[in-house]
Amino acid sequence: MSLAVPGRLVRPDVPGLLRRHGQLLPLAATVLFLLAPLPAGDATASGKVGPADAASLVLVLVCAVQALRGRVRALPPLGVLVLGAPAVGLAVATMTAGDPYAALPGFVRYLQVFVLVPAAVVLLVQGAAEFRLAAGCFVVLALVQGAVGVVQYATHTGASYQGEDVRAVGTFGPGDVMGMATVVAYGLIVATAAGLAPGLPRRLRRIAGGCALALVIPLVLSFSRGAWIATVGAAVLVMALAGIRRALKVVAALGAAGVVLVGGFGVGSEMVAERLTSITQVSSAPDQSVTDRYTMWAAAESMWRERPAVGVGLKGFPANRDGHASLGLSSGSDTAGAGQAYLRQPLLSPHNMYLLILSEQGLIGLIALVGGWAALLVAGLRRLASGGGVRDCGLIAIGLFVWQLTDFLYADIGGPSTVLTGVIIGLAAWWALPSRGTADSEASGGAGSRGRAPGVAARP
């Protein structure tokens, strides 16, 4: 197979790509292994180790080997602090828990998501080309999961919603209704940023824009209010950073797509309207899911007031919930459809990452984790505003990171897609904390820097 570029005929240099980016195969697998469906009817599988988690372990091991061989990028002191401080807070929360052995699985999970995977991404991603490779995997994952979700809605084989099996959940199943919405939103933000980024080839920007428009459909059909809010916020920020003129074009295209889909074809119009209306009724006439969420938020705050410094310990929220929650809390949420029989899922977290950290890890854990995220966000925005680095990578990193931080207001970690949180933090840290080696690699890996497409070799 050959590719035509102006002035010469080139062919994909697959061996060369593997030699240059082979160490990132575990990173690509960590993202793309989320395409593997969960066993039908196994609603508890979202809390187990899945293929993506196994791939993330390989990613960490590869990073360790490469570090011993001196083939990873150097981290500035701020990077060591931001990525290392959470481990200290997690250790304190585990040792001070009422049952340290019960808290140990939580320690391992948090260490994986917030320390090891982000550090591996930061150290292994050497330049812009590798960053784009990782970002492209998010779009592929989103397109496939989104397509499955649209089919579920069209054929009434999705999760149960308002008495109909129409909720798009992809391969994640009704036990993890946020899974598909999360990965689709990730892909939409990456595609939006790539479509707006200056410096990328026009054809690539058009393809990315088309992908973003296509991903709006499954995101709407997920009926996930939190994902909608986070996506709008992150997309608006990306558009503002990319420039007002470009932003207006995207807004016009998205508005036209919304009118055609919902107004013209009636894609979930009544259900979408009801879901949108419920966002503004969180205080006047909240539904049971909102009532449960507010009740668990109050319970998390009560736990923190009881032990403000260190919290009740990792995995301590479920055990302490009933002692701090009011009678307004229901016994669980109903799940059914998408190949699973009716099952009532227990409410094991406050559905707010910041309150979960505060209740289980106290102020020590909150400062270690959230303080580091704030530092990364500020550093990333400053770098993007200064015009340094490759702009498309900056837009993608900031967009994904802001989406995650916004979504944490309505959700917390849990389910197979949790591992992607670590990847996103790693990409944000890679952008916010550049090293000299990174700058050199960006200069050589920018679009069109060598007058040929990346990863192709000239044919004589």
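The paragraphs below go from the chain as a whole to its salt bridges and then to a few individual side chains.

The structure is a predicted model, in which local features need pLDDT of at least 70 and side-chain atom pairs count only at pLDDT 80 or more, whereas totals for chains, interfaces and linings use all residues. Residues are numbered from 1 along each chain as its sequence is written, and side-chain values use heavy atoms, with hydrogens and water left out.

The secondary structure of the chain comes to 17 helices and seven strands, where helices (H or I, at least four residues) and strands (E, at least two) are DSSP runs numbered from the N terminus. Of the 460 residues, 50% count as buried, a term that stands for under 20% relative accessible area, with exposed meaning over 50% and partly exposed in between (1.4 Å probe, protein chains only). The accessible surface of the chain comes to about 20000 Å², and 66% of that surface belongs to carbon and sulfur atoms; such areas come from the Shrake-Rupley method with a 1.4 Å probe, and for residues only the protein chains shown count as cover. Among contacts (heavy atoms within 4.5 Å) with a separation of 6 or more, 76% join residues 24 or more positions apart.

The chain holds three salt bridges, each being a side-chain nitrogen of Lys or Arg within 4 Å of a carboxyl oxygen of Asp or Glu. In one of them Asp53 pairs with Arg109, with the closest N and O atoms 2.9 Å apart. Because Asp53 lies in helix H3 and Arg109 in helix H5 (residues 100-124), this pair ties together parts that are 56 residues apart in sequence. Asp53 has 8% relative accessibility and therefore counts as buried.

Another salt bridge joins Arg132 to Asp392, again with the closest N and O atoms 2.9 Å apart. The pair links distant parts of the chain, since Arg132 belongs to helix H6 (residues 128-155) and Asp392 to helix H15 (residues 391-407), 260 residues apart. Arg132 is partly exposed at a relative accessible area of 21%, while Asp392 is buried at 3%.

The side chains of Arg305 and Glu301 also meet in a salt bridge, at 2.9 Å from N to O. Both residues lie in helix H12 (residues 288-306), four residues apart, which is about one turn of the helix. Arg305 counts as exposed at 57% relative accessibility, and Glu301 as partly exposed at 34%.

The side chain of Glu360 does, however, reach the backbone nitrogen of Lys315 at 3.4 Å. Leaving aside residues up to four places away in sequence, Glu360 touches several others, including Ala93, Tyr110, Val310, Gly313 and Pro318.

Gln66 is found in helix H3 (residues 51-68) and, at 11% relative accessibility, counts as buried. Apart from residues up to four places away in sequence, Gln66 touches Gln23, Arg71, Val72 and Leu124.

Cysteines complete the picture. Cys137 counts as buried at 8% relative accessibility, as does Cys393 at 0%. The count of disulfides (pairs of cysteine sulfur atoms within 2.5 Å) comes to zero.

Note on methods: Polar contact = N/O pair within 3.5 Å; in protein donor to acceptor, adjacent residues only side chain to side chain.
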